[in-house]
Amino acid sequence: MLKLYGSERSRASIIQWYLDEFAIPYEFVTVDLAAGEHRQPEFLAINPVGKVPAIADGDFILWESGAILLYLAEKYRHLPNSPEARAEILQWVFYGNTTLSTGILNEATRAEQLPRLLSPLEDRLTPRPYFMGESLSVVDVAVGSILAFLPIMFQVDYRPYPQIQAYLERLGERPAFRSAILKQKD
């Protein structure tokens, strides 16, 4: 059985959302960060960087949330066949994990960067309920989780972005999103 290594209030919740959303069986293995378990040789053998999330799928070990999401999408056939459609999915997953995530971390430039980072998302969501169309995909898990965390961590106001706000409300109606992502607010 797939093992997901994580802790409370970590990016492991992103992987949990995906696994729960698509009813993929897994075992959650708690890594006690406060006790330093992530710095112990047993966990460093799973992730040499000592961070969560990580997965073990049989003998296969993988870390980095974006890589894990894409692996799961590939393994469970949640990716399209055409190279162009797959590349578009990769683009948005990388956007969420790199451009969006890192772009909001710098407090000095956050206010300037937010319109540049959020406007393409607002435009993308304008004609569709989810990033890739009518159905939730790996892109929604990658990008939607970051968008959900922004108001919690950085008091981002989505009122100027009504499509993003409506999108997050749609995600909030999904039981897997509520149990994995919204529990992080508490």
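For the residue classes used on this tour, Ala, Val, Leu, Ile, Met, Phe, Trp, Tyr, Cys and Pro count as nonpolar, Asp, Glu, Lys and Arg as charged, and the others, Gly among them, as polar. The model is predicted, so that local features need pLDDT of at least 70 and side-chain atom pairs count only at pLDDT 80 or more, while totals for chains, interfaces and linings use all residues. Residues are numbered from 1 along each chain as its sequence is written, and side-chain values use heavy atoms, with hydrogens and water left out.

Select Arg9, Ser10, Arg11, Phe149 and Met153, which of the 15 lining residues are the closest to the centre of the largest pocket. A pocket here is an open set of points on a 1 Å grid over the protein atoms alone, where a 1.4 Å probe fits, with protein on both sides within 12 Å along at least five of seven lines, and lining residues have an atom within 4 Å of a point. The largest pocket holds about 360 Å³ of space, a volume being the space filled by probe spheres set on the points, which are joined across faces, edges and corners. Its largest lining share, six residues, comes from α6, and the lining as a whole divides into nine nonpolar, four polar and two charged residues.

Next select Arg11, Lys51, Val52, Pro53 and Glu64, which lie nearest the centre of the second largest pocket among its 14 lining residues. That pocket holds about 270 Å³, and its lining has five nonpolar, six polar and three charged residues.

**Second stop: α4 against α5**

Now colour residues 83-103, helix α4, and residues 107-125, helix α5, which pack at about 155 degrees with their axes 11 Å apart. Axes are lines fitted to C-alpha atoms, for helices over the stretch in contact, and angles run from 0 to 180 degrees between N-to-C directions; helices are DSSP runs (H or I, at least four residues), numbered from the N terminus. The angle therefore makes α4 roughly antiparallel to α5, a term for angles over 145 degrees, with 65 to 115 counting as roughly perpendicular.

Conventions:
Helix = DSSP H or I, 4+ residues; strand = E, 2+ residues; numbered from the N terminus. Parallel < 35°, antiparallel > 145°, perpendicular 65-115°, else oblique.
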